[in-house]
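This briefing looks at a sheet and at aromatic ring pairs. Please keep the sequence and the coordinates at hand while reading.

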Amino acid sequence: MSLLTPDLGLLFWMLFAFGVVFFVLAKFGFPVIIKMVEERKAFIDMSLESAKEANARLTCIVEESEKILKEAHEKELQILKEADEMRLKVIAEAKQQAGVEAGKLISEARIAIQKEKETALRDVRNEIAMLSLGIAEKVLRRNLSDQSVQRELVEQLINEARIN
Amino acid sequence: MKPIQINKILCICLLIFAVTDAKTQEYNAGHHEEAGGKLNVTEMILDHVGDAYDWHITTINGHHISIPLPVILCGQDGKWHLFSSSRLEHGHAEYRGFSIAQEGKYKGKIVEKDAITGEEIRTWDFSLTKNACSLLLSSIILIFLIMSCALWYKKRKAEDVSPKGFVGMIEMLIMSIVNDVIKPCIGKNYHRYSPYLLTVFFFIFFNNLMGIIPFFPGGANVTGNIAVTSVLAIFTFIVVNTFGTKEYWKEVFWPEVPMWLKVPIPIMPAIELVGVFTKPFALMIRLFANILAGHSIVLGLTSVIFITVSLGTAMNVGMSVLSVVMTIFIDFVELLVAFIQAYVFTMLSAVFIGLSQAESHHEKIKN
């Protein structure tokens, strides 16, 4: 059998065998496998994508929560600061108010004292006037001959008045 | 190294020794002995790599054990004949006027003796020869293997886990061929051609592997037969030229070369046209020659043992050891070649298809 001349019978059988194999595998074999592998690839890609997305979302959430926490902390600090300021302000105001009030009271007291003083002075003056009048009356009533006796009398009268 | 690995290697070695032994037995006591008990190596090799009407398994004590195969013939009278090849008794008998030619132009083939002139006439011979049988057998096994994988996929959804074991291996092979060979060679329309190219790859690869197995279901020199490779090449030729684009044909008959190369003597078109035919021809010859050479080398190395018998015991033992070592080595190389040749055939087919999908240069620039 020559090696280089194709045998007709074998050509026929090869055509038949390869034809059948080709028909069956190209129609029912390989496309099924390739399609499935490609579908799986698409599925894996999709899963990866969604995993990535979920991861991104998760980091986003974490960041956001951290941000919220920070903000809350800041707010807390601010509120505390504000409260402190308010307290100081209130105290200062109260102090001021108290000062004013106290001043007012003092001045009022001062005025009252002044008034009292004036009244007292007036009373004293009146009393002195009265006393002077009395003394003058008494002096006039007595015989005011002697100078020394007069002085003595005046002193006596003053002493009396002082005692009174 | 782990003990399991060592065991595996030992097993493989033993298998190969056994195989070599089987081969030697086959050819030692066979009908290739010339007068004086000497082995006719050339005839033995040619007989092995060629085709046969029966599937020779082994010979024990000069008694051939072989599987008779059906002979299908259309005689001179136009009648079809179907009978077992055992009736021809390896060419020692004549049946219904048919016999196996022992010499001459049709040596080894069934011929019909012309009743009047006594001339040997080659008839329409569609016998299921050793190669044809091996071809059908491996085709059935291949269809079964690939379809069992396809069935695995049909039963599952894309969301399920990827396959393991055999199905995983086939998937790996398929996807590596698709992604590394078909996609880059053809380009955007590769989906259309991948089933064909995958069929070619697995058909060649599987038949190559079957050819390496030296005993019954394998051993036939299928992909080292020019009829087989020519059919594969013709298929590629048809695919390339049937789906060729306008640009492809333009590049064949009116390539963009200086005018004097086209008119008045169409030098370039002639070269291109020859190229259309030489491409599949090269495919055919490459596969055929590689596999044929592989089989021949293994057989040649094995027969060294029997040739050196006459050189004395010491020489024979030494050469036998060398022969076995070399045979093992070449068998491993053949394993590699089985894959490479299938890969190369597929890749070149893909390249040729890719060339036939040529787009015009203007479009390319646009893209």
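Is B:Phe126 buried or exposed? In this predicted model, B:Phe126 is buried, since its relative accessible area is 16% and the cut-off for buried is under 20%. The points below place this residue in its aromatic surroundings and then turn to other parts of chain B.

**Aromatic pair between the chains**
- Over all chains the structure holds 23 aromatic pairs; in one of them the ring centres of A:Phe12 and B:Phe126 lie 5.0 Å apart with the planes at 75 degrees, so this pair is edge-to-face.
- The pair crosses between chains, with A:Phe12 in helix α1 (residues 8-141) of chain A and B:Phe126 in the loop between β8 (124-125) and α3 (130-154) of chain B.
- A:Phe12 counts as partly exposed, at 36% relative accessibility.
- Ring pairs link A:Phe12 and B:Phe126 into a cluster with A:Trp13, A:Phe16, B:Trp80 and B:Trp124.

**Aromatic pair within helix α7 of chain B**
- B:Trp249 and B:Phe253 form a stacked pair, because their planes stand at 15 degrees, with the ring centres 6.1 Å apart.
- These two residues are 4 apart in helix α7 (residues 246-253) of chain B, which means a separation of about one helical turn.
- B:Trp249 is partly exposed at 30% relative accessibility, and B:Phe253 is partly exposed with a relative accessible area of 43%.

**Sheet in chain B**
- An open sheet of 3 strands has the order β5-β6-β7 (chain B), with antiparallel pairing.
- β5 (98-100) and β7 (120-122) of chain B each have a single partner strand, so one side of each is left without a neighbour in the sheet.
- Neighbouring strands of this sheet are turned against each other by 45 degrees on average, direction ignored.
- Strand β6 (residues 110-113) of chain B is joined to β7(B) by 3 bridges, and B:Val111 has B:Arg122 in β7(B) as its bridge partner.

Definitions and conventions: Residues are numbered from 1 along each chain as its sequence is written. Chains are lettered from A and ligands numbered from 1 in the order in which they are written. This is a predicted model: local features need pLDDT of at least 70, side-chain atom pairs count only at pLDDT 80 or more; totals for chains, interfaces and linings use all residues. Side-chain values use heavy atoms; hydrogens and water are left out. Two strands pair if DSSP finds at least two bridges between them. Axes are lines fitted to C-alpha atoms, for helices over the stretch in contact, and angles run from 0 to 180 degrees between N-to-C directions. Rings of Phe, Tyr and Trp (its six-membered ring) pair if their centres lie within 6.5 Å; planes under 30 degrees apart count as stacked, over 60 as edge-to-face and the rest as tilted. Buried means under 20% relative accessible area, exposed over 50%, partly exposed in between (1.4 Å probe, protein chains only).
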